[in-house]
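I wanted to know how its parts are arranged and which residues meet.

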Amino acid sequence: MLGHARRLRQRHWRERSKAERVELTTVVMWYVTPWLLALVWTLQPVVLGVRHAPVPLVLGALLLMTSALQCADANRLTRPTLDRYLGRRELPGRALWGSWALLVVALALALTLTVLNGAEAVAVKFSVAFALIPPGLVYGMVTPVRVYLRRAGALTVLITAVFGLARPDGTGILGTFLVTAFGTLFPLAACRCGAWTLAVLWEAERGRETEARLAVAEERLRFGRDLHDVLGRNLSVISLKSELAVQLARRGRPEAVEQMIEVQRIAQESQREVREVVRGYREADLGVELAGAQGVLTAAGIVCEIRDETAELPAPVQSALGWVVREAATNVLRHGDAQRCSVAVRVREGRAVLTVENDGAGALPGGGEGVGGSGVGGSGLAGLRERLAAVGGALEAGPVTGNRFRLLAEVPLRRPVPSADERTVKVEEVAP
C-alpha cells in the first residue's frame with residue numbers, strides 16, 4: 001500500500017511543475033473546505049439542536065442532505081470556475097443554476113425550522129451561514145468583486161429581515177446578520193485570494209518561459225552574427241575568384257590555376273574559423289556554471305552550497321566540468337524533489353574532482369536512473385561521459401544513504417601519454 005502511494009506521488013506529483021503543484025494543493029483545499037465546514041456548522045448543530053419531533057427531524061434530515069449536495073456541487077464547479085478565472089475556458093451560462101436552487105432549498109428549510117421553532121436558534125444560524133458558503137466559493141470566481149459585494153450585501157439584508165420577521169428577537173437578528181455577513185464574505189476571501197495568487201503565479205511562470213525563449217533566440221542571433229562575420233567576406237572572395245578563374249580558364253590563361261589555389265586556401269581558412277566559432281559556442285566556463293547553478297537552485301527554493309577549492313584549471317577541463325554542473329543543476333530542477341544540493345570542486349593528487357550531491361533522490365519517469373533523483377538520465381549521462389572521456393575523465397553516479405544521490409566526475413590535469421602500441425595503432429589509422 002505504501003509502495004503504491006509512493007508511486008502515485010512520483011507519477012502525479014514529481015512530474016508536475018512548481019506552479020502545477022501549488023494549483024493542485026489549492027484546488028484540493030477548496031474541495032475539502034465545504035465538507036469540513038458542513039461537518040462543524042451543519043451536521044453537529046443540527047443533530048444536537050433539532051427538537052425530537054417528527055416534523056423537525058424530517059426537516060433536519062433534509063437540511064443535512066441539502067448541505068451534502070451543496071458540497072458535492074461546489075466540488076463539481078471548482079475546477080471549471082477556476083479555469084474560467086484563469087482564462088483557460090468559458091463557463092456555460094447556466095452552470096450555477098443548480099447552486100442557486102440548492103441555496104434556496106437550504107434557506108427555506110432553515111426558515112421553516114425557525115417558524116416551527118423546531119431547532120435551537122444557534123443551530124439555525126449556523127445552517128444559514130453554511131448554506132451561503134458553497135455557492136459563494138464558485139460564484140466569487142466568476143463575478144467582479146464589486147458586483148459580488150453589492151449582491152452579498154443585499155442578500156445579507158434580505159435574509160436578516162426574513163428571519164427577523166420569523167422570530168423577532170433583537171439579539172437573534174443581530175446574530176443572524178453577523179453569521180450571514182460572514183457566510184457571504186468568507187468565500188470571497190477564500191477563493192478569490194487563492195485564485196488571484198494562482199493567476200500571478202502562472203503569469204510569472206509564463207514570464208520565465210518567455211525569458212528562456214528570448215535567451216535562446218538571443219544566443220542564436222549571436223551565433224548567426226558570428227558565422228556571418230566569419231563566412232560573409234570569405235564567401236564573397238571565393239565567389240569572385242572562382243568567376244575570375246573560370247574566365248581565365250576559358251581564355252587558356254595559366255593564371256587560372258593560381259586563382260583556384262587561392263580559392264582552396266580561403267576555403268580551408270573559412271573551415272578553420274568556423275570550427276573555432278563552433279568550439280567557442282560549445283565550451284562552458286566552470287566558474288560561470290557554478291555561479292549560475294547556485295543562483296538558479298536558490299531561486300527555486302533549494303539550499304545550494306558551492307565549494308570551489310581549485311586554482312586555474314586548463315580550459316578543456318573547465319569546459320567538461322562546466323557541462324557536468326550545468327546538466328546536473330538542470331535535472332535537479334526538472335525531475336527531483338530536492339531541498340538541499342551541494343557542489344564541490346577540488347584538486348586531489350593531480351586530478352580535478354567534481355561532486356554534486358542532493359537529497360530527494362528517486363526514479364525518473366520511465367524507470368531510468370538519473371543524477372540526483374533528478375539526475376541526468378539516459379542520453380544526458382552518456383553525453384557527459386563522452387565529454388569527460390575526451391579529456392581522459394570518468395563519471396560515476398548513483399544513490400547513497402539517506403535518500404541522496406551523488407554524481408562524481410574526475411578529470412586528470414595531465415592527460416596520460418599513450419603507450420607505444422597505442423601510438424602505432426593511431427599512426428596506422430591515419431596513414432593512407
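My entries follow, from the whole chain down to single residues.

**Ground rules**

I am working with a predicted model, in which local features need pLDDT of at least 70, side-chain atom pairs count only at pLDDT 80 or more, and totals for chains, interfaces and linings use all residues. Residues are numbered from 1 along each chain as its sequence is written, and side-chain values use heavy atoms, with hydrogens and water left out.

**Whole chain**

I looked up the secondary structure and found 12 helices and five strands in the protein chain. Helices (H or I, at least four residues) and strands (E, at least two) are DSSP runs, numbered from the N terminus. The protein chain has 432 residues, of which 39% count as buried. Buried means under 20% relative accessible area, exposed means over 50%, and partly exposed lies in between (1.4 Å probe, protein chains only). I then looked at contacts, where contact means heavy atoms within 4.5 Å. Among those between residues at least 6 apart in sequence, 72% join residues at least 24 apart.

I traced an open sheet of five strands in the order 1-2-3-5-4, with mixed pairing. Two strands pair if DSSP finds at least two bridges between them. Strand 1 (303-308) and strand 4 (394-400) each have a single partner strand and stand at the edges, so one side of each is left without a neighbour in the sheet. The twist averages 10° from one strand to the next; the angles run from 0 to 180 degrees between N-to-C directions, and axes are lines fitted to C-alpha atoms, for helices over the stretch in contact.

Strand 3 pairs with strand 5 in the antiparallel sense, over nine bridges. Strand 4 and strand 5 are also antiparallel, over seven bridges, and P399 has F405 in strand 5 as its bridge partner. Strand 4 and strand 5 form a hairpin with three residues between them. In that turn, G402 has a positive phi of about 80°.

**The cores**

Which residues have the most contacts inside the largest nonpolar core? They are L321, L354 and L388, in a core of 31 residues. A nonpolar core is a set of buried Ala, Val, Leu, Ile, Met, Phe, Trp, Tyr and Cys residues joined through side-chain atoms within 4.5 Å. Helix 9 (286-299), helix 10 (315-335), strand 2 (340-348), strand 3 (351-359), helix 11 (379-390) and strand 5 (404-412) each supply at least two residues of this core. Helix 10 gives the largest share, nine residues. A second, separate core has 18 residues, including A38, W41, L137 and W202.

Not counting residues up to four places away in sequence, L354 touches L321, V324, V325, V343, A344, V345, L407, L408 and A409. Of these, A409 in strand 5 is the bridge partner of L354.

**Helix packing**

I checked helix 4 (residues 97-115) against helix 6 (residues 145-166): their axes come within 9 Å and cross at roughly 25°. L107, A110, L111, T114 and V115 in helix 4 meet I159, V162, F163 and A166 in helix 6.

Helix 6 also packs with helix 7 (residues 170-250), at an angle of about 155° and with the axes 9 Å apart. Helix 6 and helix 7 are therefore roughly antiparallel. Among the residues that meet there are Y148, I159 and F163 in helix 6, and F177, L185 and R192 in helix 7.

**Single residues**

F186 lies in helix 7 and counts as partly exposed, at 27% relative accessibility. Leaving aside neighbours within four places in sequence, F186 is in contact with T33, L37 and I133.

D73 is in helix 3 (residues 54-85). Is D73 buried or exposed? D73 is buried, with a relative accessible area of 11%. Beyond its neighbours within four places in sequence, D73 is in contact with G98, S99 and L102.

W100 is in helix 4 and is partly exposed, with a relative accessible area of 32%. Setting aside neighbours within four places in sequence, W100 is in contact with P135 and Y139. The C-alpha atoms of W100 and Y139 are separated by 9.9 Å, with the two residues 39 apart along the chain.

Terms used. Parallel < 35°, antiparallel > 145°, perpendicular 65-115°, else oblique.
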